[in-house]
Amino acid sequence: CPLESHVSKKAPVLSITPKTAYSGARIYHDGILIEDHALLAENGKTLAILAAGDIPADATVHHLDGGILTPGFIETQANGGGGYLVNDRFDADGLAHILAAHRQYGTVAMLPTFITDAQDNYHRAIASIAEASRTVPGILGGHFEGPFLSPEKKGTHNPAYLRTPDESDFACFAAHADALQYSIISLAPERVPAGTVRRIREMGIRVNAAHTMAGKADMQRAWAEGLGGVTHLYNAMPPLAGRDPAVIGSAAELRLYCGIIADGVHSDPYSLAAACKLIGKDRLLLVTDSMHTIGAPEITEFTLPGGIRVFVKEDRLVNEHGSLAGAHVTLLQCVKNAIRYMHIAVEDALAMAIVNPARYLDRPDLARITARRLDDILWLSDDLALQTLP
């Protein structure tokens with residue numbers, strides 16, 4: 001039974017400090033939704049999942065009125081939050097502020113996403129995000145989306161900064177690789193020299209296909225070098241066709257992890273359901289691709305690097321040229337949308353926001369509810385509203 005190694009049958013006596021037990025809610029742990037158990041915590045950390053009869057006599061018991069106790073969400077693609085764009089504020093204080101904005105909606109771990117910019121800013125961001133991953137709890141590393149992208153699928157990325165990698169880029173990543181082991185570089189496989197993906201993977205950094213016109217052969221070559229994922233499936237890539245699987249069909253066949261923006265805008269609800277069937281619920285990662293408007297309702301327009309203006313239009317962000325420019329959605333809403341549009345169970349939707357990104361980044365600890373800070377545990381109501389633990 002996969003549960004046996006995680007559920008303690010007898011609570012260990014760890015100290016004389018009174019413990020707290022939370023009962024009455026289902027517990028989501030490492031992909032499993034557990035019924036009729038309690039979560040034991042002490043000194044702000046979770047200790048064990050216990051049967052009701054094994055709760056220590058000295059523990060304070062809080063009986064929750066239903067809902068789900070779950071680890072917080074993992075965001076692998078967010079461009080900003082709380083009024084800050086990552087490209088403008090990639091210092092430790094700025095990234096902590098961005099994460100704090102997303103924590104209001106259940107995200108406790110993040111890859112802040114630095115998009116295409118001038119090379120000197122790119123290198124500064126690599127160094128700064130690497131340092132923040134050591135000092136800011138919840139900042140796991142970075143997601144560097146661009147500048148090695150296809151001009152034909154540039155989206156809102158500034159074409160003036162699109163280019164191929166040079167030796168100074170590789171040297172910069174190599175210098176900070178130890179702190180970027182849980183990071184992602186998104187690039188267009190067909191736009192980089194042979195061996196590029198392999199060199200990045202040898203540093204321990206993951207590589208995604210994004211903003212690309214890659215065909216099957218391009219994807220196969222990149223996969224052979226270590227390509228592991230696809231950034232915002234469907235968006236900024238050619239469509240799946242019978243005679244050319246391109247990125248989407250290749251991702252399905254090669255079993256790549258695929259980020260997907262479940263806002264119903266970047267991907268139609270029918271397309272979200274199709275992605276679940278094609279890629280598989282164990283390979284989809286819910287992402288927001290959100291900008292700094294999350295947690296900052298006063299912002300209705302802003303300017304991206306290179307002077308591109310972006311406007312908040314109800315549930316989406318649109319640039320001055322009419323292209324989508326990032327999303328205006330939270331991971332909590334994406335979880336709800338996944339249940340509604342993909343027709344999946346709540347535990348499967350939670351896996352897309354917790355277990356799947358934890359597995360892709362090789363952080364299995366983030367999928368578990370035990371040995372965690374209590375502050376990183378969510379209590380969701382039965383209708384998935386965030387609630388405050390007593």
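Me: With which residue does Arg134 meet in a salt bridge?
Reply: The model is predicted: local features need pLDDT of at least 70, side-chain atom pairs count only at pLDDT 80 or more, and totals for chains, interfaces and linings use all residues. Residues are numbered from 1 along each chain as its sequence is written, and side-chain values use heavy atoms, with hydrogens and water left out. A salt bridge here is a side-chain nitrogen of Lys or Arg within 4 Å of a carboxyl oxygen of Asp or Glu. At 3.5 Å, N to O, the partner of Arg134 is Glu131.

Me: Why are Arg134 and Glu131 separated by about one helical turn?
Reply: Helices are DSSP runs of H or I, at least four residues, and strands are runs of E, at least two, both numbered from the N terminus. Arg134 and Glu131 both sit in helix H2 (residues 119-135), and their spacing along it is 3 residues.

Me: Is Arg134 buried or exposed?
Reply: Buried means under 20% relative accessible area, exposed over 50%, partly exposed in between (1.4 Å probe, protein chains only). Glu131 is partly exposed at 41%. Arg134 has 54% relative accessibility, so the residue counts as exposed.

Me: Which parts does the pair of Asp376 and Arg103 tie together?
Reply: Asp376 and Arg103 form a salt bridge, with the closest N and O atoms 3.0 Å apart. Asp376 is buried at 10%, while Arg103 is partly exposed at 27%. The pair ties together parts 273 residues apart in sequence: the loop between helix H10 (355-360) and strand S23 (377-380), and helix H1 (residues 92-103).

Me: Which residues join Arg103 in one network of salt bridges?
Reply: The network is built from salt bridges that share partners. Besides Arg103, its members are Arg373 and Asp376.

Me: Which residues have the most contacts inside the largest nonpolar core?
Reply: A nonpolar core is a set of buried Ala, Val, Leu, Ile, Met, Phe, Trp, Tyr and Cys residues joined through side-chain atoms within 4.5 Å. The largest one has 94 residues. Its largest share, 7 residues, comes from helix H8 (residues 331-342). The residues with the most contacts inside are Leu286 and Met342.

Me: How many disulfides does a search of the whole structure find?
Reply: A disulfide is a pair of cysteine sulfur atoms within 2.5 Å. The sulfur of Cys334 is 14 Å from the closest cysteine sulfur, in Cys276, too far for a bond. For Cys276, the nearest is that of Cys258, 12 Å away. The search finds 0.
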